[in-house]
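Here's a quick walk through a protein model for anyone meeting it for the first time. Have a look at the sequence and structure, then read on.

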Amino acid sequence: MPMLRDPSVLAATLHSSDRCALDELVRAARALLGAQLGRIAVYGSHARGDSGEDSDLDVLVIVADSVVAQAKHALRRTAAELNVAHDTALAILVLGEGQWRELEERGRLIAVDIAREAIDL
């Protein structure tokens, strides 16, 4: 099994269409949010290196609390458009910094899994 949090895992698990969609999502998030963007990371089966043909591509986006609603709306729309354009399955989770801290502090499984396996972009 590959080492967790190893960026080279993505090169091995992503199809070219997935990589294009992911790159476009990252560019769109950076353009939209600028300094309000805290983190973008891939987690889940692609980050662990055990994705299958039908695996979605789990993407975490952490943003400033003041722009959560705007970011969710815009990035979910962008992800949906990219899914159609690239025949991929981006599954995007947009959280405010406060929401993320609360998940971490409470030891929620999603936060534990992301802390263990996420690959920052």
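## A pair of strands

Val 59 stands opposite Ile 92 in strand 3. Strand 2 (residues 57–63) and strand 3 run parallel, joined by seven bridges; two strands count as paired if DSSP finds at least two bridges between them. Helices (H or I, at least four residues) and strands (E, at least two) are DSSP runs, numbered from the N terminus.

Strand 3 covers residues 90–96, and five of its seven residues are buried. Buried means under 20% relative accessible area, exposed over 50%, and partly exposed in between, using a 1.4 Å probe and protein chains only.

## Where the model comes from

This is a predicted model: local features need pLDDT of at least 70, side-chain atom pairs count only at pLDDT 80 or more, and totals for chains, interfaces and linings use all residues. Residues are numbered from 1 along each chain as its sequence is written, and side-chain values use heavy atoms, leaving out hydrogens and water.

## The whole chain

The protein chain has six helices and four strands. Its elements run α-α-β-α-β-α-β-α-α-β from the N terminus on. The radius of gyration is 14 Å, close to the 14 Å that the globule rule gives for 121 residues, so the chain is as compact as a globular protein of that length. That radius is taken over C-alpha atoms, and the rule is 2.2 Å times the number of residues to the power 0.38.

Of the 121 residues, 42% count as buried. Among contacts (heavy atoms within 4.5 Å) between residues at least 6 apart in sequence, 73% join residues at least 24 apart.

## Helix 6 and its buried side

Which residues of helix 6 (residues 109–117) are buried? They are Ala 111, Ile 114 and Glu 117. They cover an arc of only 155 degrees around the axis, which puts them on the same side of helix 6; the arc is that of the directions from the helix axis to the C-beta atoms. These buried residues pack against strand 1 (37–43), helix 3, strand 2, helix 5 (97–105) and strand 4 (119–120).

## A serine in helix 3

Ser 45 sits in helix 3 (residues 45–48). Ser 45 is buried, with a relative accessible area of 12%. Leaving aside residues up to four places away in sequence, Ser 45 touches Asp 50, Ser 51, Ser 55, Asp 56 and Asp 58.
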